[in-house]
Amino acid sequence: MKILNKIMLTVSILGITVPSYAASDMDYLKGLSGEMVSYCSNEPGPCAALIKAFNAAVAEANGNNDFKAKFIRLSTSEMISRVKGELEKSAAAAKRKCKNITDAAELEVCKEKVYKSKVDIAFHGTDDPYRAALGDDFFSPFDYPTGADVQPWAAGITKDSDGRLGGAYLGVLGFGYNTELLAKKGLSVPACWKDLTKPEYKGQIVMANWNTSGTAYKFASTMMQAFPGGEKEGWDTVRAIHKNIAQYSKSGSKGGKMAARGETTIGIGFAHDIISLKQKGFPIQLVLPCEGTLFEIGPIGILRGAKNRKAAEAFALFLYEPSTQNILAQEGILSFPSNVNTVPPEGLDVLKGVKLLPVNSYYSEKKVKGDIISKWTNEVFPLPR
Amino acid sequence: MNRFTRKLLILGIISLLILPWFRIDGSFWSFHWLSFDFFQDEETAPLLLQFLSFERWWLLPVILPLCFAVAQLLFWHKNAKTTATVQIVSSLLGLAIIIVQSFLLGDFGVNYTFLESVFSEDSFQYGLGMGAVALLYAYLLSFSYGIALKGFMKGDVFAVTCLTIIIFLVLVFVFFPVFNILIRAFWDTDVGYSLSVFFNRFGSPNIWSVNCFSDTAVCGVAWSTAFLALMTALSTTLLGLAFALVVTRTNFRFKGTLRVFSVLPIITPPFVVGMALLLLLGNSGVVTQAINNTFDVDLGGWIYGFWGLWLAQTLSYTPIAFLVLIGVVEGVSPSMEEASQTLGANSWKTFTTVTLPLMRPGLANAFLLGFVESMADLGNALVLGGDYQVLSAQIFYSVAGASADEGKAASLAITLLIFTLSAFFIQKVWVGNKSYTTVTGKGDGGVYAKLPRAVSSLSYMGAIPWSVFTGIIYLMVLLGGFVTLWGVDNSLTLMHYIDAFRIEFINDRLVTTGVAWDSFLITIGLALIAMPLTSCIGLLTGYLLSRVDFPGKTYFEFSTMLSFAIPGIVIGVSYVVAFNQAPIDLTFTGLILILCFVFRNMSVSVRASMASLSQLDPGLDEASVTLGSRGFKTIRKIILPLIKPAITASMIYSFIRSITSISAVIFLVSADYNLASAHIIGLVEQNQFGISIAYSTVLIVVMAAALLVMKFLIGDRKIFLRSKKLQ
C-alpha cells in the first residue's frame, strides 16, 4: 500500500474562536475589467448572492461598472464532467506541446499558454470530484491563503493539491433521525454507524445511491476507514446496513429531508443540512457517529488557460473574506467557514464534540473511487433486502 | 449565364471576399464585421485576406475547385455530361479540402506531430465561420446539381439538393459528435483502443444478468429497461388510439376537454409530472395519507420503481401517440369502410379488417416513438426510478455521477442503441411495403363507419378515467404554485409567482427583477427560432423518405432517428466534446442550443410527416408534376396543405420539446444563454418546490397559448367528405 498523505485533525480545529474581525481593504479588486465566467456548484441562491456581492465590491473598488462576473450553476459532478469535455483537447495539446519541458515553472508557463478555457473559475460544491479531476490537470496553481487566518483543513486541501485548490467551507457527515417516528415505532436511539446495522431498523434508513452522489461516496470512504477491521469490516457493515435501507435516493441531501418530513426514520447526510432542517422546526435530531466521520470541503479552483485570470484570482481571494463567507449563512447554508475570522453560523456548536477521521487522499484517487463504487454496484446493491 | 451559375458565383465571391472565414465573437446578425477594421482583423477577416495578410496559405486550396467549377460553367460549357462530371469532382474535392485542412490544424496548432515540419510553429486557426458555411453550401449545391444532371433521383434538382444538405447536416451534427463519444466504449487509458475493453464493459452481468428469474436478485439493467419500454409503448399506443377514436369517431360531448387533457402532459416539463405524482401518491402524498388513515394499511413507497415509472411515462408519452394517431385515424378513408359494410361486413369486422389494418403505419410509428421515448427518458427515471434500474439513468450516473466513467457510459449507450435499432427494424418489417393510401385525388364520398360497440366502450373506458386522472395531477400542480410550503405550511400565497416574475418601476422604467425572467425570455426565443427550422428539415426529410427513391434510404431513415434515440445526456456531452474547439467552435453560444433542439427533435416531425404522407396517393403529386409544377411547387401547393396536421404536430412538438428538454441542454447552457428547464432543475434540487412549480405553470400556460395560436394559424386540412358537407 502506498504511503498515505495524511493530515491529522483534532477536535480543536472546530473549536470556535472569538473572531477578531478586521475589514481588509481588498486591494486585489482594483483594476479588474471585462467579464469573468464561473461555475458555481453551491445552491442557486448562494451562487447568485456571491456573484452579486463580488460585482458590487469590484464596482465600488474601481468606481466604475467595467467588470461583470457571471455564473453557471451545476452540481459538482456535472460541472466536472463538463469541464472535462471542454478542456480535454487543451490537456492533450499541452501534453504534446510541453512534453520537452522539465523545469516546473516553465512547464506551468507553457501549459498556461496552451490551455484555452472559456470559464475562469469553479467554486464550491464538494471536494471529491475536484480531487479526482486533479489527475486530468484542469486546475491551475495559485497562491491560495494558507496562513494563520485559514483553518488547517482548508490549508490542507491547498497543500494536497499542490496549490491547485482552495477551500471555502467544511461540512461533516452524519445522520439524522425523526424523533416522533422513532418514539412511535419504539426504536432505540442510534449513536454509532454500527447501530445502523441492527435488524430493528429494517426498512427505516434512506441514503443516496453511491453512483449518483458525492455524499454517498463520503459515506463509503468513511466506512472504509472508521473501523479497526479496516476495509473488510467496512464492507461487512455496508452489507448489513444495505439490509435496512428503505430506498437509495439520487441526491445526497434527500435522506435528511425525508427523515425531517417523516417519510423515513433515519436519513444519512451532512450535518449542516440536518441542523438547518431542525432550525426550520422539523422533528429531526443529528447524530455524529461515535466511530468518527469524514468531512467535505467546498473547494475553489482556477481553471487553466482562464481568459480573465486576474479576475479569477481576485474572486478566489474574495471567497476567503469573512464578509463573503457570511453570505452563505445568510442564504441558509450552515457550513463551517474556512477563515478563522468568520463567525460560524448559529447552531454549529454541536459539532464541537465530533470525532473527525483523518483525510486519506488514497480514497480520492479516481481509480480507487471507481473500484469501490463498482464493487458496491455489482456486489452490494443487487443483494436482496 | 444560367441561374445556377450565377448562384454559385455569388456564393463564391461573398465567401471569398466578404464573410468572415472564422467564427466571430458576438452575434453574426449584428453585422459589425462589415466594417473596414474588421476586414483587417485576424479573427474576422474574410478568406482572401486570411491567406494574403495572415499567411494562412493552407486556406488557399479550399476555394480553387469552386473557381474551376464556375469557370467551366462560364467558358468551357459543352455538354451536360462533362458539366456533371466536372461539378461532381470539383465539389467533392472542395468539400474534402475544407474538411481535411480544418482537422489538420486547430486552435492549438497542428493536430498531428508529423505535420510539424510542414506548418510553421505558430500557425493555428479558429473555428469555422460564416464564410466557410457559405463555401460549403456552394460545394453542396454544385455536387447536387452534378448528380442531378447524371439522372440521380429522376434529375429532380430540388430533391437532390435537399437530400445532400440534410445528409451533410446529419453527418456533422449527429454522426460526428455521437461517433466521437461512442468510440470511447473501446478506449481505456491503460490499454488504448481495444475490442476486449469494449466486450468487458458490454458483457458486464450488471447489464445482461438474468438472475431475477431464478432468485431474488436484481436483473440486468438492459432487461429491466426493455421491459419498461415495451410496457410504456403498449400502454401509450392503446391509450393514444382510444383518445384518437373517441375524438374523431364518436359523438362524445366533451371532445374538446378530452383533447386538452390528452395534450396537457406533453406541455409539461417532465419532472413536474413526477413531482405531482409524488405529491399525490408518494409516501406523504394526499391519496396515500388518506388511504393510510382510513384503512390503516401502510402502502409504502410503491411509487418509487417500476409502477411509478410506468405511470409517469404513460402520462407523459400518451399525447405523442395521440398526436401521431389522430392524423392517421382521420385519414382512413370512409369509403373503404362503406365498401366493406356494403359487402355485408358488420361494424366489428369492418373495424378489424379494414380500419385497423389501414392504421398500421400510425400504430407502428406510435409504438416505436413510445418505445424510444421510454428508453431515453431521464427526467422520470431520476425522480421516480428508486431502485428500478434503467439505462438512461445509468448513463447519466456514469457521465455525471460519483464515478465519472465515459467508457462505461458509452457502452451503456451502445446497449441502448441496439434496442432502439432493433425496434426500428421490427417496425419496418411489420409495416412492410403494403399500400396504406386512402387520401386520393378523387375525393371521398364516404361517411365514417360507426365503431363497434366493444371498441367504442373500451375507448371510453380508457380515455375518460385517464383524463380525470390527468386533471387531478394538474390540479396538484396548479395548487403547488400557490401553497407556501407543501405539506408543512399549506396557506395560500402569490409569493412564488412574484419572486419569479416580478416587474418593478425603477427610475421611471419597467425593469424585470424576477429571478425567472432571463432564462424565460432566452428559452422562448431559442425555442421559437428552433421551431420552424425543425419542422422544415423534418418535413423535407419525411417527404424525401416517402416520395423519392434513392439508394441507402433505410440507413438515411435510421440516421435521422439516431439523435432522438440516444439519451439527451450523451448528446449533451458529445456536443461539448465535438463543438468546443476548431473546426467547429460553438459552446457558450445560443446557436449550439438551437442546433441541439433541431437535430434532437427533427425525428418526430419526420415520423409525423411520413405517417401522413403514406396515406396520400402519390398520384396527386404526379398529377401536379405532369401539369408542370416541379419540385418545390408541388410540395407547396399539394402536399403541404394535405399534411397540415403533421405540420402542426411537428411545430408544436418541436417548440415544446425545446422548452422542456433538460438532460441534453444541461451541459450546453451558459451564463448568457441559460434555459428555463436548467434553472428549474436547480430550484428543484434546492427543494424550492413552490417557485419551481410556479415557473413550470407559467411555462405550461405559454406552451398552451402557443399551441392554440399555431392551430389557429395553420388550421385543419380540408379533405372532402360527404359527412361534413351534410352537416
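This is a predicted model: local features need pLDDT of at least 70, side-chain atom pairs count only at pLDDT 80 or more; totals for chains, interfaces and linings use all residues.
Local features need pLDDT of at least 70 and side-chain atom pairs count only at pLDDT 80 or more, while totals for chains, interfaces and linings use all residues. Residues are numbered from 1 along each chain as its sequence is written, and chains are lettered from A in the order in which they are written, with ligands numbered from 1.

**Exercise 1.** Describe the side of chain A that touches chain B.

*Solution.* Contact requires C-beta atoms, placed from the backbone, within 7 Å. By this criterion, 46 residues of chain A meet 40 residues of chain B. Elements giving two or more residues to this side of chain A include α1 (44-62), α2 (76-97) and α13 (366-380); helices are DSSP runs of H or I with at least four residues, strands runs of E with at least two, numbered from the N terminus. The most residues, 11, come from α2(A). By class, this side holds 15 nonpolar, 15 polar and 16 charged residues, where Asp, Glu, Lys and Arg count as charged, Ala, Val, Leu, Ile, Met, Phe, Trp, Tyr, Cys and Pro as nonpolar, and the others, Gly among them, as polar.

**Exercise 2.** Characterise how domain 1 of chain A meets domain 2 of chain A.

*Solution.* The assignment, automatic or from a database, gives domain 1 (6-171 + 296-351) and domain 2 (173-295 + 368-380). Their C-alpha centres lie 29 Å apart. Domain 1 of chain A contributes 18 residues to the contact and domain 2 of chain A 12 residues. On the domain 1 side, α4(A) gives the most, with 3 residues. That side comprises 9 nonpolar, 7 polar and 2 charged residues.

Note on methods: Two residues are in contact if their C-beta atoms, placed from the backbone, lie within 7 Å.
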